[in-house]
Amino acid sequence: MNMKREKEWESKIEELLSKMSTEEKIGQICQLYLTEKSAPQVAELAEKGLVGSVVLTGTAFAGNSTGTDIDRDAMTTVQNAALRSPSGIPILFGKDVIHGYRTIFPIPLAQAATFDAELVKEAASRMAAEASRSGIQWTYAPMLDLARDARWGRIIESFGEDPYLASVMARASVEGIQGDDMSADDKIVACAKHFVGYGAAEGGRDYNKSEITDYTLRNMYLPAFRTAVDAGIQTFMNNFGDIGGEPCVFSKYLFRDILRDEWGFDGFVVSDWGSIANQTGKGTAETKREAAMRAFRAGIDMEMVSRCYYENMQELLDSGDITTEMLDDAVRNILRVKLRAGLFEKPCLNLGELDIYREDDMAFSKKIAEKCMVLLKNDGNVLPLPRDKKIFVTGTYAYERRSILGNWCPGATDEKVNPFVDCMKEVFGKEQIMSTDVYEIGYQYARQADYAVVAVGENWRETGEGNSMARIELSERELELVKTVRRVARKVVVVVFAGRPLALSELLPHADAILYAWHPGTRGTDAAASILAGDASPEGRLPVSMLRSTGQIPTYYNHPLAQYHYREYRDELPTPLYPFGYGLSYTEFSYGEPTLDVESLSLSELMAGKTVKVKVALKNTGDRDGVETVQVYVRDRFAYKSRPDIELKGYQKVSVEKGGETVVEITLGKNAFGYYPEKDFVIETGDFDILVGPHSEELKSVAFNVKKG
Ligand code: BGC
C-alpha cells in the first residue's frame, strides 16, 4: 500500500464530501443497470450526480444469458454526463466477469481442481485485462461461497468444499483481478461474494435460507473471505439469503462487526441485485424505508438496482434514523475505491478499439483447461489412446458447443469453441476418427472402432444461478448412450463435460476410462483431445467429494470423524465415489513415510512464527513423466470442540521424471494447528497427526505435538 497516495486520496475524499450536496451523496450509494433502453434515464440522473455506479446487464440472471453485449456508446454517454455533474465524480462500471469475458477459462470449480494458484491468478489477470480493454472497471468475482451441495447450481462458481483450498484460490483470484495497482490499464476492481453462507442454502435450492452456527461460520465459511480482505479486495456483496432467520443484507454482525471491525476492510459493500427491496416481499421488512434503514445500518454501502436508498434516504436522514456521519462514511468507502481504481484520472477505462480473443489468451485457455481435468478411472491404462487405432467419437457434447463454456459468460460466443469431435480429428488425424456429421449414436462405427469415446455431461443451463437440480446423477439419456455404446464397443472412454460434480456410480461399470473435463471454456475441447492423445497429462484433483448418489448430500471430507466411516445408510455405501483431492495421472507415484524436522513445538513458538517442515519421498514408478499433487492434512487428536477428522493444510505440485525420485518439503505454520472454537483463533496444545498422500483417503501419518508454554 502506497501510504502517500492513500493520504492524498483521503484528503481528496474529504474535499469532495465537503462540497457534495446530500442529494449527490445519496446518488453515490445507488447503482442502476444500464441497457440501451435505460441509457437516457441513467444519463439524466448521472448529469445531476445521482448515479454512483452502473451494472452492465439488464437482468438479475445475467449468467443465464448468452451473446449479450455491453453498450459501449451508452457507457460513454453516461460517464460523460456524470463528469458534467456538480461534483464530477465518475461512475464505476461493473459487470459479472466470472471465468473469462470473451475468452472463457474453465468454471471456477474446475480452476480449483488445478490446485495451482499461479494458473488461477493468471486466469483472473487475463480475464481482468480483457474486461478492462472493453471498458469494464469492476467485476463481481470471485465468488467465495464454500459449497458442499452439488444440487446447488452455483457450485460451479465456487472453489469447492475446503476452506484452505478456497482461501488459496481466493488470494490468487483477487491478486489476479486487482493486481498490485487497480488503476493499471489491465486491472479492475474485484468483489468477494456472497457474504456469507449462500453456498449453504438448504437443499441446494437457490436463495434458500441457511442454518450456520457461528462455529461453522468461522471455521468453514469465513476463511476464504478473510483471505480476500488480506489480499486487498475492494468490494463485497451480500448473500441474498438468511442465516438462522437473519437476512444477511441486514446483518450488522457480518458487515460491521466482522468485516469492518475484526478484519479492517476499508472498501465498500454492494447489495446483491434487488436484495434490499426483496426483503419486503420476504416479509422481513414492512416497507422499503425499513429495508433501506436496516440494510444501511448493517453496512451495505451501495444498493444494486432496487431504489430503496434513493427513495428513502433523505427522509431517513431527516428523521434521524440514519445520521449524516453514516451516510458520509458510506460515500467515503465508495470514493476510496473509485480513487484507488484510478477513475478520476481515467473515467472511461480503455474504451478504445475492442481488443479481444488474443492468441495468448486462447492458448492459455487451453493450458488451464488441460490442468483442471480430472482422470477418474483408467482401467488397463486405456488412456492415452494410441494414434494408429480407429476411434469412434460420439455423444451430445462431442457436438454441442455452448455448454463447453459453462454458465456465466454472457459476453462470449460459442462460435470460438471447436466441437470436441473436430478436436479429436485435429489431434488424431481425420482418418483415425469415425464419426457422424451430426450427433447420432452410430452403432456401426461403435462396433468397428478399436475405441469409442463418448462425450456426455450436463447442459450449461442446468448449472448456475436459479438452476439447481434435485438429482445430481448423470441423466438417464446420457447414461443410456454410454450403455448402448458399451454393448458393442471394445473399449469405452467417457469424457464428462459438466459444471457440478455429478454422481457417476451408474456410469462406472460401463466405462474403461473416465476423464472429468468440467465445463472447461473456449479451448476446453482442444484440451480434452490433447489429454486423450497423451500430448498433455491429466493433473486435476477433485476440489469437492464426488458422491455416489444425491442421497449422500451433504458428504464432505472435512467432517468430524469422517462422517462416512461411522454413519452408514442401509441402501448406499458410506463413502464418496471419489474423495476430495482425488485424481489419477498417466504415471504412478509411490510415497515414502513422512518425517518432520521437529516433532514438537511449543504454543508460543508456533504463535511467534516457528514452523514445522514435513518431508516425504516421492517416486515416479510409472513409465511416463508426471505431475503429482502432494497433499498435507492435519488431525487434531483431541479438542474441546468436535473438529474435522482431517483438514487440508498444505500441498505442493511437483513434476517427477519417469523412474525419478524427489523429496517434497511442505511447511506448516500456526494456521495449520488452530481453529476458532469461538470468536478467537486458538491452538489447543496436545497431539496432532500430520498426514501426507495423494488424496484425502490415502494418507500416511506422522505424529506431532504442540507443547504448553
Ligand atoms: C447474482 C450476483 C450477481 C448479480 C449481478 C445476482 O443475481 O446473485 O452474483 O453478481 O446478480 O448480475
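Trainee: How many cavities of 30 Å³ or more does a search of the whole structure find?

Mentor: Rolling a probe the size of a water molecule over the atoms shows where empty space is left. In this predicted model, a search of the whole structure finds six cavities of 30 Å³ or more, and the largest cavity holds about 140 Å³ of space. Its lining is made up of 17 residues, of which A60, D96, D272, W408 and E465 are the closest to its centre.

Trainee: Which classes of residue form the lining of the largest cavity?

Mentor: That lining has nine nonpolar, three polar and five charged residues. The second largest cavity, with about 110 Å³ of space, is lined by 13 residues, and those closest to its centre are I98, P108, M127, F159 and S173. By class, the lining of the second largest cavity has ten nonpolar, two polar and one charged residues.

Trainee: Which helices each supply at least two residues of the lining of the second largest cavity?

Mentor: They are α5 (108–112), α6 (117–133) and α7 (163–178), and α6 gives the largest share, with three residues.

Trainee: Why is strand β21 described as largely enclosed by the rest of the structure?

Mentor: A residue counts as buried when its relative accessible area is under 20%. Strand β21 (residues 626–636) is largely enclosed because ten of its eleven residues are buried. Nine bridges join β21 to the antiparallel strand β22 (residues 647–656), where K653 stands opposite T629. β21 also pairs with strand β26 (residues 686–695) in the antiparallel sense, over six bridges, and V692 in β26 is the bridge partner of V632.

Notes
Residues numbered from 1 in each chain as written. Predicted model: local features only at pLDDT ≥ 70, side-chain atom pairs only at ≥ 80, totals over all residues. Heavy atoms only, no water. 1 Å grid on protein atoms, 1.4 Å probe; cavity = no way out; pocket = protein on both sides within 12 Å on 5 of 7 lines; lining within 4 Å. Points joined across faces, edges and corners; volume = space filled by probe spheres on them. Nonpolar A, V, L, I, M, F, W, Y, C, P; charged D, E, K, R; others polar. Helix = DSSP H or I, 4+ residues; strand = E, 2+ residues; numbered from the N terminus. Buried < 20%, exposed > 50% of the residue type's maximum accessible area, 1.4 Å probe, protein only. Pairing = 2+ DSSP bridges.
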